[in-house]
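Here's a quick tour to read with the viewer open.

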Amino acid sequence: MSDTNQFGFTIQSELAESSRIQEEIIKLLRKLGFNDEDLADLHIAIEEGLANAIKHGNQLDASKQVRIEGVIDGNRVMIEIEDEGNGFNPEDVPDPTLEENLDKPSGRGILLMRAFMDTIEYNDKGNRLRIEKSCAIQG
Amino acid sequence: MASAPTRIDIQQAEGITVATFKDRRLLDEVTIDLVGNELYALVDDLGCEKVILNFSDVEYMSSSALGKLIKFHKKILSVAGSLRLCGLKPELQKIFKVLALHKVFKIDKSLEKSLKKI
């Protein structure tokens, strides 16, 4: 694979758009030689990041947009997802593994991203997510 | 059920319902909504009480899909039924463990084991 590749998309806050973009990104990563296990981890993280941006960030307001940009540097994948919402403090999200929070829809996505990515960070406002992962490359 | 399920395959025998997911990925929100509605209909429309969910064809699923699963579990519990999951691939097992859902659901390695235990 070449040393550095990039992609960038801006989509409306619609879940169908999110699915379409995810397929494009995964297709690109597959073409670059990433293996199925890493692709699964990345797909889950991208899905969760985009779903949070669209549902919680932009509140499903189709007039608002979500920007997704990625840099693939060798075996390292870095992705930023930014919404036009008011942001949030990740520290305020309840722990979804506690029994009293099982019914709550928030928190599980962030936990999954933490589990499957090496790095997950939000900007101070909480409307821009950065996820990173070092992957194996399929021979 | 208004129409035959399209996202899950349903087999019933001796009061036990085995629902096998047809999708390899439960990520897409439209698919997840359909799957959720088909699961809820098992209890609401068909009156199923003993249900085994077979994940043998599922590679991975999102937190949104897990939300549907948790709601379905509650529905089963509300009718004093029982629910077992089986056939989880390693990636799914990891997801359940990360979210501590392996403590919430009764999970078996195989459908045969679920059929014995339910």
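In which strand of chain A is A:Met78 found? The answer is β3 of chain A. Keep in mind that this is a predicted model, so everything below describes a prediction.

**A:Met78 and its surroundings**

- A:Met78 counts as partly exposed because 16 other C-beta atoms lie within 10 Å, and a residue needs 20 or more to be called buried.
- Skipping neighbours within four places in sequence, the contacts of A:Met78 are A:Gly70, A:Val71, A:Arg130 and A:Glu132.
- A:Glu14 sits 64 residues away from A:Met78 along the chain, and their C-alpha atoms are 23 Å apart.

**The sheet in chain A**

- Chain A has an open sheet of 5 strands, ordered β1-β2-β3-β5-β4, with antiparallel pairing.
- The edges belong to β1 (4-12) and β4 of chain A; each has a single partner strand, so one side of each has no neighbour in the sheet.
- On average, and ignoring direction, neighbouring strands of this sheet are turned by 10° against each other.
- β1(A) and β2(A) run antiparallel and are joined by 9 bridges, with A:Thr4 standing opposite A:Asp73 in β2(A).
- Next along, β2(A) pairs with β3(A) over 7 bridges, again in the antiparallel sense; here A:Arg67 stands opposite A:Glu82 in β3(A).
- β2(A) and β3(A) make a hairpin with 2 residues between them, and A:Gly74 in the turn has a positive phi of about 65°.
- β3(A), residues 76-82, is also tied to β5(A) by 7 antiparallel bridges, where A:Arg76 has A:Ser134 as its bridge partner.

**Positive phi without glycine**

- A:Gln59 has a positive phi of about 55° even though it isn't a glycine. Its place is the loop between α2 and β2 (65-73) of chain A.
- Is A:Gln59 buried or partly exposed? It is partly exposed, because it has 13 other C-beta atoms within 10 Å.
- B:Ala80 is another non-glycine with a positive phi of about 55°, and it lies in the loop between α2 (63-78) and β6 (82-86) of chain B.
- With 7 other C-beta atoms within 10 Å, B:Ala80 is exposed.

**Helices**

- In chain B, the axes of α1 (residues 29-44) and α2(B) come within 10 Å and cross at roughly 5°. That angle makes α1(B) roughly parallel to α2(B), since anything under 35 degrees counts as such.
- On the α1(B) side, the residues that meet α2(B) are B:Glu29, B:Ile32, B:Val35, B:Gly36, B:Leu39, B:Tyr40 and B:Val43. From α2(B) come B:Ser64, B:Ala65, B:Lys68, B:Phe72, B:Lys75 and B:Ile76.
- The residues of this α1(B)–α2(B) contact split into 8 nonpolar, 2 polar and 3 charged.
- Over in chain A, the buried residues of α3(A) are A:Arg108, A:Gly109, A:Leu111, A:Leu112, A:Met113 and A:Phe116.
- Their cover includes α2, β4 (119-122) and β5 (128-134) of chain A, along with α2 and α3 (90-98) of chain B.

**Core**

- The largest nonpolar core has 57 residues, and A:Ala45, B:Leu26, B:Phe55, B:Met61 and B:Leu92 touch the most other members.
- α2(A) supplies the largest share of this core, at 7 residues.
- Beyond its neighbours within four places in sequence, B:Leu26 is in contact with B:Phe21, B:Thr31, B:Ile32, B:Val35, B:Val58, B:Met61, B:Ser62 and B:Ala65.

**Where the chains touch**

- How many residues of chain A are in contact with chain B? There are 18, facing 18 residues of chain B.
- On the chain A side, α1 (15-31), α2 (36-57) and α3 (108-116) each supply at least two residues, and α2(A) gives the most, with 6.
- By type, this side of chain A divides into 11 nonpolar, 4 polar and 3 charged residues.

How values were computed
Residues numbered from 1 in each chain as written. Chains lettered and ligands numbered in written order. Predicted model: local features only at pLDDT ≥ 70, side-chain atom pairs only at ≥ 80, totals over all residues. Contact = placed C-beta atoms within 7 Å. Helix = DSSP H or I, 4+ residues; strand = E, 2+ residues; numbered from the N terminus. Nonpolar A, V, L, I, M, F, W, Y, C, P; charged D, E, K, R; others polar. Buried ≥ 20, exposed ≤ 12 C-beta atoms within 10 Å, placed from the backbone. Axes fitted to C-alpha atoms, helices over the stretch in contact; angles between N-to-C directions. Parallel < 35°, antiparallel > 145°, perpendicular 65-115°, else oblique. Pairing = 2+ DSSP bridges. Core = buried A, V, L, I, M, F, W, Y, C linked by C-beta atoms within 7 Å.
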